[in-house]
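Hi,

Here's the structure I promised to pass on to you.

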Amino acid sequence: MTDNDNIIEKGSGYNSGSSDGGSQNQVAIYKRPIGRLKGMYYHPLTQVVLLGFVCFMGPGLFNALNGLGAGGQVDSTTSANANAAHYSTFAAGAFFSGSVNNKLGSRLTLLLGTTGYSLYIGAFLAMNIHPHAGAFVIAAGAILGICAGFLWTAQGSLMLAYATEGQKGKFIGIFWAVFNLGAVVGASVSLGQNFHSQANSVGNGTYIGFLVLTLIGIIIPMSMADPEKMIRTDGTKVTTSRHPSWKTQLYGLWVTLLTDPMVILLFPMFLASNWFYTWQFNDYNSALFNVRARSLNDLVYWLSQIVGSIAIGALLDQPAISRRARAFSGWTVLLLMVFIVHIWAFFYQKQYTRASIPSDAVKIDIFDHGYGGRIMLYIFCGLLDAMWQTTAYWIMGAMSNDPAKLAHFTGFYKSIQSAGAAGAWRADGVKTPFMNMFISTWVLLVAGLVFALPIVHMRVKNHTDLQDETLMRMDDSGLIHDVSGVTGNAVREKA
């Protein structure tokens, strides 16, 4: 059956399912695959869940390892320097990874991206066996940065493109929940391995368990559906990259910035989005708690992320209010959460410094007085993290439905985010005072929201028009066609 046989009508709004109305640009509507198994497999939500499992087995377990503080080690220096190397190469590579994704295709880009996580976790296992393998861990972190740029750019492009405009919050929330199940499983493995331990580092079994799971994750991308065959739930076809020359792809990167310069206002929000991990993981969890308490803290942190992502996703997709009103509501929730978490945390942070906690100190255990309040703070840190990341993705998704443009947006996001993380981890590696790390985290989060407010006001519309989709109207030679020349057939052919 040809594509023409599958078209059942034209004239739907380009906006791809927005509950707030759409533009009058013509677009083809396709029949969705029929049959229980085929229909389920090619359902956009199924593919987003599979995408979540790709990240479950890679970044999810990476997060579980980092969430233990110091990568599960006693001394946080090697972990901090490995993370600095990781996020430095991540920042450099991710800026251009949108072009790589659009050239190679999302599934191959995902496959390349998953490989670095096994190497990284294997490096920590090697250091547990050979204590002087710190240089190997740092090198593995640098290689992982390149791989992570590929993975997260492909992930963001597919996740945001498969949803209709009225589903983006839901799809982001579901992805984030599945992805964080990886960290939950990893933290559960660590807790089970270390529950009867009061030491300050984890055993080889924890690293081996993580390593096996990341190796399984490498095969998942090739089991996913070809994006060219994907049809959204409203019948619109997902546009996919045409794999033009590298020159055209790099030109597309420039066109994205030139035609949508307001995305730069999101850069402070991107910068802050991984900065806070350093204080939370190393300067709070690792600094204050023994390995049993750290493992339990890690578990509830990632469980709370599942709740936070689904909750904020439901708000951002609330059909009873306009998309612009949802954007402002999400922004307000983030502002409240930032101040709740950091006012609370300030009262704990002022009680200790680096000098007051030597490496051989007896640290807080789960049965100690005062542990309850501290683990509750960690739960709220997890909620804030999930809400921040979900809202950032949602704002980008509100700016475009084109996977090629979204690949560049998510590339910018992961690049700037990683640059911030590299700076934060390096600052921790050179023993910046805990209070300085904490205050910088708080200030950057507030600044990110302040800079994001104009883009929420001026750039988030109740629907996305074809005139906003410059890359969708650009041909293989780099020529950008006028909106009036892009009919429903043209959009279909481009897809």
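Below is what I found when I went through it.

First thing to keep in mind: this is a predicted model. The mean pLDDT of the protein chain is 83, with 82% of the residues reaching 70 or more. Helix 14 (residues 323-349) has the highest mean pLDDT of the elements, at 97, while helix 18 (residues 488-494) has the lowest, at 39. Two stretches to watch are residues 17-25 and residues 487-495, where the pLDDT is below 50. Beyond near neighbours in sequence, residues 17-25 still have 29 contacts in the model, and residues 487-495 have 22.

Now the overall picture. You'll find 18 helices and 2 strands in the chain. Of its 495 residues, 61% are buried. If you take the contacts with a separation of 6 or more, 84% of them join residues 24 or more positions apart. The accessible surface comes to about 17,400 Å², and carbon and sulfur atoms account for 67% of that.

On to the inside. The largest nonpolar core has 132 residues, and the members touching the most others are Trp152, Phe175, Leu266, Tyr284 and Tyr393. Helix 15 (residues 371-399) supplies the largest share of this core, with 17 residues.

Which residues does Tyr284 touch, not counting those up to four places away in sequence? They are Trp279, Phe289, Tyr348, Tyr352, Arg374, Leu377 and Tyr378.

Cheers

Technical notes
Residues numbered from 1 in each chain as written. Predicted model: local features only at pLDDT ≥ 70, side-chain atom pairs only at ≥ 80, totals over all residues. Heavy atoms only, no water. Helix = DSSP H or I, 4+ residues; strand = E, 2+ residues; numbered from the N terminus. Buried < 20%, exposed > 50% of the residue type's maximum accessible area, 1.4 Å probe, protein only. Contact = heavy atoms within 4.5 Å. Areas by Shrake-Rupley, 256 points an atom, 1.4 Å probe, with all protein chains shown as cover. Core = buried A, V, L, I, M, F, W, Y, C linked by side-chain atoms within 4.5 Å. pLDDT = per-residue confidence, 0-100.
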